[in-house]
Amino acid sequence: MAKTKILVTGGTGYIGSHTTVELQQAGYEVVIIDNLSNSNIKVLDGIEHITGIRPAFVEGDMTDIETMRRLFTDYPDIKGIINFAASKAVGESVEKPLLYYRNNLVGLLNLLELMPQFGVKGIVFSSSCTVYGEPDTNPIDESAPIKPATSPYGNTKQISEEIISDVIHAGAPIKSILLRYFNPVGAHPSGEIGELPIGVPQNLIPYLTQAAAGIRKELTVFGNDYPTPDGTCIRDFIDVVDLARAHVIAMHRMLDNADTAPLEIFNLGTGRGLSVLQLIESFERATGVKVPYHIGARRAGDIEKIWADPKKANEVLGWKADTDIDDTMRNAWKWQLKVMPKN
Ligand code: UD1
């Protein structure tokens, strides 16, 4: 039987590459489109080393509808899409809002317009817990209120969710699952793929591993005067492979289960909040390597504490993020050592 074909947009990126591996290992055929604006073509080698299969790859920009029309013509029978392709640096989005609105929204509009024309049945959308803003209570489930976005990046996630919802309510013959990620971290245990930030990392783990490796002088912990047990912010750090597995389950549910609602939303987190200092401790425990750090000022716009109630995903998807955080940190370190510039 022919394999079900899935388009993964942003498939050479961090979460996209890990999800491609899981899809291939579950028996799906993957076609990737990526403009390589924040990823490297060598990621395809890493994927192939793990699975033995090199995914089809189109280098192109999703915001160009003709590129997308050609892709669906060249690769007929794509049944599902996972839409990772998007810009994701919060600070940059404040400085370049048009770039963010164009990249993150126009590509999605193109997909939604072309899906019915090419018989694509479903789209899984990469959303974020950022839609909840600073939550009133934790853990947070899917019924929690959506708060006004604090950055153009966050706003593109909210608007994308609304666009998909409006299109489905208007009767488009497609289904969608919106996945709201908490904080994805770690790397594939094989050490073949991981997060590859270009330039100075903005997120905690890539900065931390680069500081531990001596590439950065030291990590700055942004604030220790928050009303949390150790004063640092709390997040729900979820292993990227656990996160990737959820996409495979969501895709299967969307395409092969006729009884599910056309639009569903799931929080993807562990249900466990860890502080920034606890994460540093986990890294040091797991690797035996010290993290050079100092306490600095708060970072503007940071959420104080947020962690998921993942009960809906646990029960409805039959999925659970259960990788031990120390294993996740060990994998992040293994990856950092692999990508270290050799001198
Ligand atoms: C942010 C975005 C989120 C987005 C994600 C991916 C917000 C509120 N959050 O998550 O929507 O999906 O990036 O780009 O817009 N930290 C340090 N030192 C550092 C870096 C981070 O102490 O050098 C701290 C931060 O203050 C924070 C925690 O580590 O408390 C996690 O930060 P980060 O990895 O940047 O993720 P978020 O801000 O949670």
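**Close-up views of a predicted model**

**View 1. The second largest pocket and its lining.** In this predicted model, the second largest pocket has a volume of about 280 Å³. Its lining comprises 21 residues, of which Glu195, Pro197, Gln210, Gln336 and Val339 are the closest to the pocket centre. Two helices, H7 (204–212) and H11 (325–339), each contribute at least two residues to the lining of this pocket. By class, the lining of the second largest pocket consists of 12 nonpolar, seven polar and two charged residues.

**View 2. The residue shell around the ligand.**

View 3. An N or O atom in the side chain of aspartate 302 is 2.5 Å from an oxygen atom of the ligand. Lysine 88 is placed with a backbone N or O atom 3.2 Å from a ligand oxygen atom. For serine 128, a polar side-chain atom lies 3.3 Å from an oxygen atom of the ligand. The ligand taken alone exposes 750 Å², and the protein buries 88% of that area.

**View 4. The cis peptide bond at proline 139.** The peptide bond that runs from asparagine 138 to proline 139 is cis, and its omega is near -5°. Proline 139 belongs to the loop that lies between strand S5 (122–128) and helix H6 (152–169).

**View 5. Positive phi at leucine 36.** Leucine 36, a residue other than glycine, has a positive phi, near 60°. The loop that holds leucine 36 lies between strand S2 (29–34) and helix H2 (43–51).

**View 6. Positive phi at aspartate 77.** Aspartate 77 is likewise a residue other than glycine with a positive phi, in this case near 70°. The position of aspartate 77 is in the loop between helix H3 (65–74) and strand S4 (78–83). Is the residue buried or exposed? Aspartate 77 counts as exposed because its relative accessibility is 52%, and the exposed class begins over 50%.

Methods: Residues are numbered from 1 along each chain as its sequence is written. This is a predicted model: local features need pLDDT of at least 70, side-chain atom pairs count only at pLDDT 80 or more; totals for chains, interfaces and linings use all residues. Side-chain values use heavy atoms; hydrogens and water are left out. A polar contact is a pair of N or O atoms within 3.5 Å; within protein, one must be able to donate a hydrogen and the other to accept it, and residues adjacent in sequence count only if both atoms are side-chain atoms. Accessible areas come from the Shrake-Rupley method with a 1.4 Å probe; for residues, only the protein chains shown count as cover. Helices (H or I, at least four residues) and strands (E, at least two) are DSSP runs, numbered from the N terminus. Buried means under 20% relative accessible area, exposed over 50%, partly exposed in between (1.4 Å probe, protein chains only). On a 1 Å grid over the protein atoms alone, a cavity is a set of points where a 1.4 Å probe fits but cannot get out, and a pocket is an open set with protein on both sides within 12 Å along at least five of seven lines; lining residues have an atom within 4 Å of a point. Grid points are joined across faces, edges and corners, and a volume is the space filled by probe spheres set on the points. Ala, Val, Leu, Ile, Met, Phe, Trp, Tyr, Cys and Pro count as nonpolar, Asp, Glu, Lys and Arg as charged, and the others, Gly among them, as polar.
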